[in-house]
Amino acid sequence: MMTHYININVEYTADICTIRFNRDHKCNAFSNAMSEEVLSAIRAAEKNCRAIVLTANPDIKVWSSGHDLSEIHDVKELIHDPMFDLFNGIINSPVPIICAIDGDVYAGGFLIALFADIVLATERSHFCMTVNKMGIPLPEYCYAFAISVLGARKAKEMFLCSKPIDAVDGYAQGLVNYVVTTPAQLEERLSTLLEGICLCMPEGLAYTKAVFNSLTHGMVDNLRHTPGIRQQYRNLVANPEVVHRVNALISKLSRR
């Protein structure tokens with residue numbers, strides 16, 4: 001069964017749902033509508049699927065460039081971004097979600113990979129967290145998940161330096177489960193993992209995800225009681241330099 005949306009293609013094969021990003025002309029930048037479509041597709045798939053695969057069209061350079069800044073008119077829109085609803089949908093889904101990545105991943109795309117349960121990537125793929133180039137604060141759980149996946153030192157490097165790492169480095173740092181050479185090998189490895197998932201009890205998979213997420217959220221609960229964190233968040237959102245940097249990037253994108 002194949003269902004077409006505007007920004008994604010959704011395909012069901014047996015017990016597997018494949019959600020394929022389809023905004024190649026925008027480097028798969030997530031508009032608000034695209035975020036809502038992907039989240040809707042995930043929720044629909046949860047009703048009768050054993051696993052969900054997030055992927056992109058073949059032969060593209062960028063798997064996802066994050067949020068589509070061309071539709072941003074106020075920096076506060078980035079704080080109330082529908083992508084955050086999508087992130088929570090990925091985290092809280094009872095169904096295992098796998099990212100099959102062949103191409104570069106930036107910002108919000110990086111967070112999708114971070115929140116997914118399993119990540120596969122080809123050698124040509126790169127990962128970069130660019131949010132601090134604009135000074136935009138993320139919700140606390142984003143940093144907690146980064147620590148749980150990458151460890152504190154590597155998570156700080158990814159967020160503080162805003163420099164891309166290749167898939168091999170991503171594997172060494174715990175972001176990527178498997179690195180392969182070709183898209184064909186990516187599909188082969190994906191098939192092997194899906195076979196294993198489909199042998200498991202759905203209830204057991206859902207429980208396992210919930211336990212892992214509860215352990216990660218424990219860090220967030222502690223952080224929320226740290227004096228000054230929320231005030232720093234509010235101050236950063238209101239900082240004129242953040243507005244300037246976001247507007248400068250939007251202007252640059254509009255001239256392309």
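Two rings of Phe, Tyr or Trp count as a pair if their centres lie within 6.5 Å. With that in mind, welcome to this predicted model, which holds eight aromatic pairs.

**Phe-87 with Phe-115**
- The ring centres of Phe-87 and Phe-115 are 5.3 Å apart, and their planes meet at 55°, so this pair is tilted.
- Phe-87 belongs to helix H3 (residues 82-92) and Phe-115 to helix H4 (residues 107-115), so to speak joining distant parts of the chain, 28 residues apart.
- Phe-87 has a relative accessibility of 2%; because buried means under 20%, Phe-87 counts as buried.
- Phe-115 also has a relative accessibility of 2% and counts as buried.

**Phe-115 with Phe-145**
- Phe-115 has another aromatic partner in Phe-145, with 5.2 Å from centre to centre.
- The planes of Phe-115 and Phe-145 are at 90°, which makes the pair edge-to-face.
- Phe-145 sits in helix H5 (residues 140-150) and Phe-115 in helix H4, so the pair ties together parts that are 30 residues apart in sequence.
- Both Phe-115 and Phe-145 are buried.

**The aromatic cluster**
- Phe-87, Phe-115 and Phe-145 are among the members of one aromatic cluster.

**A charge over a ring**
- Elsewhere to look: Arg-189 lies over the face of Tyr-178.
- The distance from Arg-189 to the ring centre of Tyr-178 is 4.3 Å.

Note on methods. Residues are numbered from 1 along each chain as its sequence is written. This is a predicted model: local features need pLDDT of at least 70, side-chain atom pairs count only at pLDDT 80 or more; totals for chains, interfaces and linings use all residues. Side-chain values use heavy atoms; hydrogens and water are left out. Rings of Phe, Tyr and Trp (its six-membered ring) pair if their centres lie within 6.5 Å; planes under 30 degrees apart count as stacked, over 60 as edge-to-face and the rest as tilted. Helices (H or I, at least four residues) and strands (E, at least two) are DSSP runs, numbered from the N terminus. Buried means under 20% relative accessible area, exposed over 50%, partly exposed in between (1.4 Å probe, protein chains only). A charge sits over a ring if NZ of Lys or CZ of Arg is within 6 Å of the ring centre and within 35 degrees of the ring normal.
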